[in-house]
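Me: I would like to go through this protein term by term, asking each time what a label rests on. Please set each value against its definition before you conclude.

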Amino acid sequence: MDSTNGPSRQPTAKRNPWHIYLPGHAPFSFAGLWAYNSNLDITSCTIITEPAGDPMKNLHDRQPVILDHTYYDAWLDPATPKEDLKDILSHDIDGQLQFNRVGRDVNATLINKQPNDHPALVAPINPL
């Protein structure tokens, strides 16, 4: 993906959405895990989170781990030793993130009965 949207943590009922991306909208990936349980015939997955670092802590107290692309192969390789995985997670790219405030329509599934999928949804309202 080249961006994601997330709400700011605020004490009010309405949280402000933010468009989060890398410079030039370079692609990035969250660190995740998946497992298949053959007894239940269920596949499950999760995104790994961590306490928010700079600059994300301006918006929220936690965030997904965003992997440095140089570690993708090692992260996805089942032969990577378990003791190496924690080190891989520490090589995140959080400091490169950029974000800007976007309108609340970004979280709506339909607007005037039309699909909510167009570039204007992530247009800046108030860059941070």
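**Strands, burial and a pocket**

Reply: Strand β2 is joined to strand β9 (residues 98–101) by 4 bridges, and the two run antiparallel. Within this pairing, tryptophan 18 has arginine 101 as its bridge partner in β9. The model is a predicted one, in which local features need pLDDT of at least 70 and side-chain atom pairs count only at pLDDT 80 or more, while totals for chains, interfaces and linings use all residues. Residues are numbered from 1 along each chain as its sequence is written, and side-chain values use heavy atoms, with hydrogens and water left out.

Me: Why are β2 and β9 said to pair?

Reply: Two strands pair if DSSP finds at least two bridges between them, and β2 and β9 have 4 bridges, so they pair. Strands here are DSSP runs of E with at least two residues, helices are runs of H or I with at least four, and both are numbered from the N terminus. On that basis the protein comes to 2 helices and 12 strands.

Me: What makes β2 mostly covered?

Reply: Of its 5 residues, 5 are buried, where buried means under 20% relative accessible area, exposed means over 50% and partly exposed lies in between (1.4 Å probe, protein chains only). The cover extends to both faces of β2, with Pro17, His19 and Tyr21 buried on one side and Trp18 and Ile20 buried on the other.

Me: Why is threonine 80 called buried?

Reply: Threonine 80 has a relative accessible area of 14%, which is under 20%, and therefore counts as buried. Threonine 80 is found in the loop between α1 (72–76) and α2 (82–89). Leaving aside its neighbours within four places in sequence, threonine 80 is in contact (heavy atoms within 4.5 Å) with Ala74, Leu85 and Ile88.

Me: Why is aspartate 41 called exposed, and why is histidine 25 called partly exposed?

Reply: Aspartate 41 has a relative accessible area of 58%, which is over 50%, so the label exposed applies. Histidine 25 has 35%, which lies between 20% and 50%, and therefore is partly exposed. Histidine 25 lies in the loop between β2 (17–21) and β3 and has a positive phi of about 55° although it is not a glycine. Aspartate 41, in the turn of the hairpin formed by β4 and β5 with 4 residues between them, also has a positive phi of about 55°.

Me: How do you know that β4 and β5 pair?

Reply: There are 6 bridges between β4 (residues 32–37) and β5 (residues 42–47), against a requirement of at least two, so the strands pair, and they run antiparallel. Asparagine 37 stands opposite isoleucine 42 in β5.

Me: What makes a group of residues the largest nonpolar core?

Reply: A nonpolar core is a set of buried Ala, Val, Leu, Ile, Met, Phe, Trp, Tyr and Cys residues joined through side-chain atoms within 4.5 Å. The largest such set has 11 residues, among them Trp18, Ile20, Phe28 and Phe99. A second, separate core of 6 residues includes Ala31, Val65, Trp75 and Ile88.

Me: How do the residues that line the largest pocket divide?

Reply: The lining of the largest pocket has 11 nonpolar, 3 polar and 1 charged residues, where Ala, Val, Leu, Ile, Met, Phe, Trp, Tyr, Cys and Pro count as nonpolar, Asp, Glu, Lys and Arg as charged, and the others, Gly among them, as polar. A pocket is an open set of points on a 1 Å grid over the protein atoms alone, where a 1.4 Å probe fits, with protein on both sides within 12 Å along at least five of seven lines, and lining residues have an atom within 4 Å of a point.
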